[in-house]
Amino acid sequence: MSLAVSSRRPFASRHRSGLIAFFGRREVLPAVLICPVLLFFIVWDTIPTLWLLGLSFYRFSLTSGRPPIFSGLYNYTSILNDAETWFDLSRTFIFVLLAVGIETVAGMLLGLLFWRSDRLPGRRVALTLLFAPMVVTPVAAGTFWRLIYDPTFGILDWFIRSLGFAPVRFLSDANVAFSAVLAVDVWMWTPFMVLMALAALASVPKAELEAAEIDRLTWLQRFRLVILYHGKFILMLGILLRTIDAFKTMDLIFDMTYGGPGTATELVAMTLFRRAFEDFNMGSSSALAVILLLISIAFTVTFLYVLYLRERKAALA
Amino acid sequence: MSGRLSQGLYHAVLWLVALVFFAPVFWIVLSSFKTASQILAVPPLLVFRPTLANYARLFAQPAFEHHFFNSVVLSVLAVLIAVAVSFLAAFAFSRFRPGATNFLMFLLLSIRMLPGSAAILPVYLMYVAFGWKDSYIWMTLFYAMFSIPFSVWILKGFIDGVSPRFDETGIVNGASWLSIIARLTFPQVLPGVVAALIFNFIFVWNEFLFNYIIGGINTANIPVLLATNLSHGGGIDWTFLSSLTTVYILPPIIAVYFFQRFLLVGMTFGTVRGEV
Amino acid sequence: MSKVTKSLRHPVPTEALPAPAGLARRRLLQGSAALGAAALACPRYAFSASEKTSPLAGKSIHMQILGIAGWLPSQLGVGMSPDFARYAKDKYGYEVSFSFADAPFGTLFQKAATSLATRSQEYNIIISDSQWLGALATPHWIIQLNDIIAKNPSLNIEWWSPSIRSSYQVFPDGTNKLWGFPQVGDIIGIFVRKDILEGPGEADAFKAKYGRPLPVTWEDFEKMDFDQWLDLIAFFNRPEKGYYGFAAQYSRDYDAASCPTMSFMRSLGGDIWDPRTGQVQGIYDTASNAHAMELYKSWLKYQPPGATNYFIAEVIDAFTQGKIFAGWQWVATGRTMIPDKFKDKVMVVPPPGFKKPDGTLYRNYIIGGQPWVINAFNDPEHMQVAIDFMKWWYLPETSHEYLMKGGMPCDKATCARPDFDGINPWNRTYKYMLLKSSDFWHDPKYSEMLSDQQDAFTGFYTGQIKDPLHALQWTACQQQRILYDEGTAAKAPTAVCRGIRL
């Protein structure tokens, strides 16, 4: 691995003529290689983001038939002054925290469980079944879970009833709906964290594990000092990806509760969708989108900072 | 307790976990062989006479073929394009470390950060202004863009793990950069490439929102068909939903089965290149 | 020759068909050029619509209709279009083919608006929900029909009830500007399981318990007020036998909880706003409206667990699976609500009336149904075909055919037919309730107002909010602000609204 760090070594570039040689030159080549991605980036990210930013300063509703009117920070102040925004945001933060937390812990535990399962009969099939929730189309998963959760027709409440308990109104009880939606998210994305955990465990050098065993480290010590130390990078990356995605959760809400009952499951991504594509209030929704983008960037910067610290420490060591 | 017994128990637990996660999917698959009232039956039916009528009805829809074709074309083309460009960029980031590498890598990730409904908004307005709505090319390129950040990240990790000495040897032997990239580096990072392909494939395969808003009659994929034809006479068409879902999850499940090893290695982001 | 291949029972968007030629015309500039051309051409071709001399004779035109997915009346509108193709060939001498795009209720407006905002004529004719008229008309995405109706007297139709015009045609409310043609009328009916109602011993048991006869005929139900309904569904609420008394619509989705609640509000004599001044506060947040919410909530006692998550589809599942005695439902779903196994076992009756101080019963329910609207970006040829299509749609033969297939026409001539009531089990209630229903907002801001209202209503029905009046006050503040910001309301939200929270 240390070789990768020392890649700054200058290469002797050979002299050749023509365009290919020009592009092949060390000063030009990186730019040529990065160019396509950069082009994609500019067309589909920079331009739309600037557009978004610009629109967020206008009062502009598609259905009003009026041209956009510059309104300065009006959209921002009205969003930030609306108590509902803060409720939605805090609900979303709780959702992200719980979803990613549960998925990480469960994923890690299951990962450890499956770690040494080389001799499991049908391991490949078992893992495929375990990973299956990830590949189900969210539209279908959401709708079908609504049936599974239905107190009258659902298999879950049938089970609860046959055990002699009162049926749980999973999606129609304001106190339960949030957890019910959360549970589906956990079902869908824990497998992803299992995958990340298995990858993290695989990155632990066998020699160090054996050494730890010889040193008679306790199970917890081994986990902390050896496994976590080596697997941290991959796990953190998994958590980062999940956090970003959980913050964006919409499909499931859209199909299961539509944000209800009341506002019990209203997450910001849902609010945003509604404001943009039901109300067609482009100015206000752009402002909300910019706010969400800033929050996501803050998330990511924090995560990357932690990751980067690890990289630097490794480089120093 | 004897070793064999404890191992048997251990294996049973593993299978149980896998089956618990699979159960809801199994329920969808099972439902696809039931009639509409059997799906809603209380108590739930586990034993019943399976019917293939739902599938016959599904495959008889002319729309099915068209949408399925769209799903395949859009997702396959998009991930191929994305992984190809990402590979080149990742190579440059890894080998030459241009000044802004970290910043650029971060910027790329920021594409993923925007909630779908936020990202779709300016993209929608842009597509409207340029007349790109409902076009295969622009739809594919859009999906490719969405697949790029993850691909660059994963591939950079893998290329980091390939010793630059290969490059040097190549250069000494007179190889061009092109052949170094294609012949020397590429085969060594294949697990990363496959992992990137599959992960992005699953995303594009199941994508609904963007297709619904910036797509249209020509480019609609199966999730859009699913959402659209879900209702029937005001009610939900459970047989349609379950049979179409069952058919639709088959390709990604098969991919996960056959490329499992690559997926596991791929998610190590290049820190491991052997067996997992 | 028509290319419409969809079957009626199982809708298939005909995306697989060759793309209409007009599809290429969706660029911004072309679109606006088409708009200009349409505006200029409008009066001229409206004149030239007379037979034989049709300027389109000999041409071949492809039309695309956007309708509501899985909604029988929408599908009928499309399913019957081959008849129009034949008619057009005979009468005007041009070929027309149709394809159909659809979207579910909750997202159809997105589909239409995202396309129309591009000034595209992708969808030549659209089946819109009635509340969308304002949002579609204000940016001039659909054409105003006054001139067209003036030049085509056959489109000047006498409707069965005055609310047809005000619900499906007029925007803004109270003006004479017309934007849509009724595609289907729809009202709330209650579907009652006659076989349970007429079960042995029920009548005696009911009489013994409540001291009055069990309602059995349509006329009995017509005379029922809210309290009597409550008794009836309480009587037939038998969870131990596997069925409940009732199910209605309380979901957060779209306008599910709103339509019934606003129906109760109006039937109790209240209202939701003043369309002329845009005033909400003071009209909406009243004790009477809060009482309406309490009444609608009180029905929940006799409904299956989870009924607060019910919308149209859930009521259908519960009813057709025999889990409820009676179900609150839009009658347009009649064919699905009454499957073959329930043939002759279900009657459709008017929802409860509310006693006025003078003792008479009053009903003012929210109307359903959808109008046809015509894309303003259609080029002159497509515009002409769209108008010809409308003229064909309101021919007595077409109306009758539509009625026979389960559709619900709105014209007086068809509704007044002596055989009308007998054709479908819900027809009598349909006609009756059309006279006792009206629409809610047509304002372009309706979806924002609806969204806040849905939050408040479902919050109250599921117990998140305890005080209905508070829910109404909060909603009134939100709606007043939305309308004031837009310039529709004259007055700003009052000081009460500062710091108010749901």
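Biologist: Two strands pair if DSSP finds at least two bridges between them. In which sense do strands E5 and E7 of chain C pair, and over how many bridges?

Modeller: This is a predicted model, in which local features need pLDDT of at least 70, side-chain atom pairs count only at pLDDT 80 or more, and totals for chains, interfaces and linings use all residues. Residues are numbered from 1 along each chain as its sequence is written, while chains are lettered from A and ligands numbered from 1 in the order in which they are written. Strand E5 (residues 188–193) of chain C runs antiparallel to E7(C), with 5 bridges. Within E7(C), Gln329(C) stands opposite Gly189(C). Strands (E, at least two residues) and helices (H or I, at least four) are DSSP runs, numbered from the N terminus.

Biologist: And in which sense does E6 of chain C pair with E7(C)?

Modeller: Strand E6 (residues 244–247) of chain C pairs with E7(C) in the parallel sense, over 3 bridges. Phe246(C) has Ala326(C) in E7(C) as its bridge partner.

Biologist: How many residues of E7(C) are buried?

Modeller: In E7 (residues 324–330) of chain C, 7 of 7 residues are buried, that is, 20 or more other C-beta atoms, placed from the backbone, lie within 10 Å of their own. Across the 502 residues of chain C, 57% are buried. Chain C has 22 helices and 13 strands.

Biologist: Which helix of chain C gives the largest share of the side that touches chain A?

Modeller: Helix H21(C) gives the largest share, 6 residues. In total, 33 residues of chain C meet 30 residues of chain A; contact requires C-beta atoms, placed from the backbone, within 7 Å. The chain C side holds 11 nonpolar, 14 polar and 8 charged residues. Here Ala, Val, Leu, Ile, Met, Phe, Trp, Tyr, Cys and Pro count as nonpolar, Asp, Glu, Lys and Arg as charged, and the others, Gly among them, as polar.

Biologist: What about chain B, how many residues does the contact with chain A take from it?

Modeller: That contact takes 84 residues from chain B and 81 from chain A. Helix H1 (residues 3–31) of chain B supplies the largest share of the chain B side, 12 residues. By class, this side has 65 nonpolar, 14 polar and 5 charged residues.

Biologist: At what angle do H12 and H13 of chain B pack?

Modeller: Helix H12 (residues 222–229) and helix H13 (residues 238–258) of chain B pack at about 170°, their axes 10 Å apart. H12(B) and H13(B) are therefore roughly antiparallel, a term for angles over 145 degrees. Axes are lines fitted to C-alpha atoms over the stretch in contact, and angles run from 0 to 180 degrees between N-to-C directions.

Terms used:
Parallel < 35°, antiparallel > 145°, perpendicular 65-115°, else oblique. Contact = placed C-beta atoms within 7 Å. Buried ≥ 20, exposed ≤ 12 C-beta atoms within 10 Å, placed from the backbone.
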